[in-house]
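Subject: Structure handover

Hi,

Here is the structure I promised to pass on. My notes on packing, cores and aromatic pairs follow below it.

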Amino acid sequence: MTAELAEFVAQGDLFVLTGAGLSTESGIPDYRKPDGTRRTVPMTFQQFLSGDDARRRYWVRSAVGWERFAAARPNGGHHAVAALQRAGLAQHLVTQNVDGLHAASGADALELHGSLSSVQCVECGSRSDRAEFQGRIRDANPNLPRDVALLADGDAEVARSAQDAFVLVACPHCGSLVVKPDVVMFGESVPTATVEHCYAQLELSRAVVVLGSSLKVMSGFRFVSAALKSGKPVALVGLGSMRGSERADLVLHEPLGATLTATCERLGLQVQTEANATT
């Protein structure tokens with residue numbers, strides 16, 4: 001099956017869309033089970049705005065999970081995508097992920113849903129570095145638990161007592177307590193300009209490759225749907241259920257790291273990893 005994927009990508013002009021399944025081998029769980037149903041139910045933007053109790057619940061879980069989330073490193077799948085981009089085959093790379101692992105692997109990806117590397121004040125719109133914000137959270141909450149199991153997107157399961165005791169950290173610019181991750185939360189919409197830019201990239205592409213996305217969320221599936229309607233070839237690669245698979249030209253239910261690395265090897269491309277970058 002790797003040979004089929006290599007043949008598919010060899011012609012280039014690819015619009016590559018990546019999802020949470022690409023980062024699971026880096027230790028970041030995804031939202032969905034193999035059948036596409038959710039493992040966890042994320043907080044919506046509307047819930048986040050509903051009051052300080054909701055924001056305490058969000059930030060205590062995020063604060064506890066942050067250290068492990070931020071320590072995640074790109075896996076073979078990320079490095080293989082970077083190799084495809086360097087070779088000029090993956091001209092247009094869009095990710096639904098907010099973990100920054102594409103950038104860490106040397107790839108240039110449009111982050112469809114933003115990035116957890118910064119936070120944004122809902123009141124004044126100013127942005128702050130997430131690591132700096134985490135330091136302020138730890139200063140205000142020295143008894144936060146550590147070594148808690150990581151969930152999707154840096155979330156973590158935390159006892160209700162820790163949520164109730166959590167002290168919210170204010171925006172350093174205006175003092176508001178309504179500070180959110182600088183991402184498109186569930187219940188928000190991807191900015192129109194970002195969507196239009198992705199459609200323009202799709203129009204310039206020959207084919208679409210989806211890596212590690214169930215495509216259950218319309219923010220990503222709309223591009224696959226548009227490609228299918230226009231007759232562009234579509235390949236879906238991942239371990240779980242993938243929306244639109246019955247109409248795709250190629251569907252591979254294979255682990256992404258090994259599959260993408262083997263694909264690059266078939267194409268004669270060197271996959272640059274952190275290990276061989278220093279040798």
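First, a term: a crossing is right-handed if the near helix is turned clockwise from the far one by less than a right angle, and left-handed if anticlockwise. Note that this is a predicted model.

Helix packing. The crossing of H8 and H9 is right-handed. Helix H8 (residues 192-203) packs on helix H9 (residues 218-230) at about 35°, and their axes are 11 Å apart. H8 contributes Val195, Cys198, Tyr199 and Leu202 to the contact; H9 contributes Arg222, Phe223, Ala226 and Ala227. By class, that gives seven nonpolar residues, one charged and no polar.

Tyr199 and Phe223 also form an edge-to-face aromatic pair, 5.0 Å centre to centre with 70° between the planes. Tyr199 sits in H8 and Phe223 in H9, so the pair ties together parts 24 residues apart in sequence. Tyr199 is partly exposed, at 33% relative accessible area. Phe223 is buried, at 1%.

Cores. The largest nonpolar core has 32 residues. Trp59, Ile137 and Phe166 have the most contacts inside it. H3 gives the largest share, eight residues. Another core, of 28 residues, lies apart from it; Leu14, Val81, Ala90 and Leu260 are among its members.

Aromatics. The count comes to six aromatic pairs. In one of them, the ring centres of Tyr58 and Trp59 are 5.1 Å apart and the planes stand at 90°, so the pair is edge-to-face. Both residues, Tyr58 and Trp59, are buried. Phe48, Tyr58, Trp59 and Phe133 form one aromatic cluster.

Best wishes

How values were computed
Residues are numbered from 1 along each chain as its sequence is written. This is a predicted model: local features need pLDDT of at least 70, side-chain atom pairs count only at pLDDT 80 or more; totals for chains, interfaces and linings use all residues. Side-chain values use heavy atoms; hydrogens and water are left out. Axes are lines fitted to C-alpha atoms, for helices over the stretch in contact, and angles run from 0 to 180 degrees between N-to-C directions. Helices (H or I, at least four residues) and strands (E, at least two) are DSSP runs, numbered from the N terminus. Contact means heavy atoms within 4.5 Å. Ala, Val, Leu, Ile, Met, Phe, Trp, Tyr, Cys and Pro count as nonpolar, Asp, Glu, Lys and Arg as charged, and the others, Gly among them, as polar. A nonpolar core is a set of buried Ala, Val, Leu, Ile, Met, Phe, Trp, Tyr and Cys residues joined through side-chain atoms within 4.5 Å. Buried means under 20% relative accessible area, exposed over 50%, partly exposed in between (1.4 Å probe, protein chains only). Rings of Phe, Tyr and Trp (its six-membered ring) pair if their centres lie within 6.5 Å; planes under 30 degrees apart count as stacked, over 60 as edge-to-face and the rest as tilted.
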